[in-house]
Amino acid sequence: MKRCVIKIFLLFLCFVSCTGHKNNDVVDGVIQFSPTRKYPLIDLNLSDIADVEFVQLKDRDSAFIFQPYFSNNTYIEDSCIIVGNYTPRDFSSFGIYRFDRQGNFLNRISGYGRGPGEFASLAKMSVESDSSILLFSLFEHKIVKVNSKGDILGSWFLPRGHSEVQLLGNSVIIYDRLSIYFNSKGQLVERGAPLKVFDLATSKVSDLLTKECLNNAIQDNAKTNGHSDPEFLTGYSNLIKTKDGLYLASIQFDTVYFINRNLEVKPKISIDKTGIPNEYYTLLPVIDMKDYILLRDVYGGEHRYDKGKRNYYIFLKNENRIYQIRNDYIYDNEIEYSSIFFMDKLALCEIYISLNYNVFDVYFTYEDIKDCYNEIPNSIKPLFDTIAEDDNPILAIVKFRESIKN
């Protein structure tokens with residue numbers, strides 16, 4: 001009898017252990033994810049997780065924002081809104097503009113030219129927690145650091161070949177396009193790590209990715225017979241900023257890495273790509289807040305694992321579990337995101353994160369408003385009724401909460 005009780009107790013412990021592991025999607029601090037697994041569904045709308053504010057950008061004559069669709073060129077402070085107008089109708093409106101939170105024009109930080117703080121081209125902005133802003137020119141290989149008022153804090157030139165930058169403390173994380181390439185046999189040829197650190201204090205450049213990360217890419221590349229585009233290694237604008245550091249994702253990696261503020265590169269998400277054609281797949285951590293991480297999947301080429309839909313997920317940190325966000329509409333190119341936005345859908349494939357880690361923004365031009373007018377809630381239609389054809393757009397500021405609304 002005693003032996004029987006002991007056996008039952010051991011079986012119970014084994015069951016508890018197995019059940020606990022099954023309900024835990026984290027192993028040794030790394031989130032375990034499989035695209036082919038059926039995760040529990042969760043209903044989640046935009047209003048459950050974020051607050052929305054609408055601002056009409058005024059003073060068209062002083063600051064005409066011609067092409068505002070790149071919302072990752074926008075930074076929202078408590079006191080001002082900063083917009084990068086990189087692809088203007090003419091060079092007279094090229095530059096970085098400041099508005100107050102009511103949408104009134106304040107000043108231009110940078111314009112077209114070759115003088116101090118000016119650019120002949122501008123490709124990127126990055127912002128740190130102290131509100132310092134890094135401006136990057138791809139063709140001039142120049143970075144300029146300014147504060148939110150536009151005061152110049154420093155200017156540097158980078159070695160040629162860099163196409164992606166992120167400011168992290170006193171360091172600039174840069175992606176070096178010319179450091180690696182795939183040859184005709186699909187082999188990865190390296191001239192140093194593709195990710196580097198540029199120290200603003202010393203102007204020294206050092207490699208960031210370890211041999212382990214590069215070997216990961218080489219092995220994945222061998223599985224897929226190689227690809228000629230080195231951006232497949234660190235492409236898809238996948239240096240994703242959070243308050244604690246940067247995510248590095250790639251369809252060539254089986255792992256999503258995290259670069260913390262001590263510049264340590266550590267695995268964060270392990271992806272089991274078994275069953276995915278060509279294995280050109282990754283998971284992008286779109287938003288990382290206190291209690292959750294919002295995730296969306298990305299496939300290389302045109303293939304979609306679940307045809308007609310993008311798959312969105314949420315990782316709940318207090319449960320260490322992944323849920324799939326219920327997606328009840330089929331996405332196609334004929335559906336305007338402006339319409340989806342007013343339907344209260346959490347369409348993560350279409351949102352562009354602003355320079356704030358927890359904010360994305362949507363610009364509504366006169367033409368956009370005409371196309372989605374029937375979906376605009378009656379409570380805010382008076383604001384949208386005031387915009388004229390030649391006005392600057394209305395800016396929707398979507399700020400994610402640290403926790404999900406109960």
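**Notes on salt bridges, rings and strands**

1. Because Glu367 and Lys370 are three residues apart in helix H5 (residues 366–372), about one helical turn separates them; helices (H or I, at least four residues) and strands (E, at least two) are DSSP runs, numbered from the N terminus. Glu367 forms a salt bridge with Lys370, with the closest N and O atoms 3.6 Å apart, where a salt bridge is a side-chain nitrogen of Lys or Arg within 4 Å of a carboxyl oxygen of Asp or Glu. Glu367 is partly exposed at a relative accessible area of 39%, and Lys370 is partly exposed at 49%; buried means under 20% relative accessible area, exposed over 50%, and partly exposed in between (1.4 Å probe, protein chains only).

2. The model is predicted, so that local features need pLDDT of at least 70 and side-chain atom pairs count only at pLDDT 80 or more, while totals for chains, interfaces and linings use all residues. Residues are numbered from 1 along each chain as its sequence is written, and side-chain values use heavy atoms, with hydrogens and water left out.

3. The structure holds 12 salt bridges. One of them joins Lys241 to Glu128, with the closest N and O atoms 3.3 Å apart; Lys241 lies in strand S19 (residues 239–241) and Glu128 in the loop between strand S9 (124–127) and strand S10 (133–137), so the pair ties together parts that are 113 residues apart in sequence. Both Lys241 and Glu128 are buried, and a network of salt bridges links Glu128, Lys241 and Arg261.

4. Lys317 forms a salt bridge with Asp288, with the closest N and O atoms 2.7 Å apart. This pair links distant parts of the chain, 29 residues apart, with Lys317 in the loop between strand S25 (312–316) and strand S26 (321–325) and Asp288 in strand S23 (residues 281–288). Lys317 is partly exposed at 30% relative accessibility, whereas Asp288 is buried at 13%.

5. There are 15 aromatic pairs, counted where rings of Phe, Tyr and Trp (its six-membered ring) have centres within 6.5 Å; planes under 30 degrees apart count as stacked, over 60 as edge-to-face and the rest as tilted. The rings of Phe341 and Phe342 have centres 5.2 Å apart and planes at 80°, so this pair is edge-to-face. Phe341 is buried at a relative accessible area of 5%, as is Phe342 at 11%, and one aromatic cluster is formed by Phe54, Phe341, Phe342, Phe364 and Phe384.

6. For the chain overall, there are six helices and 28 strands, and buried residues make up 53% of the 406 residues.
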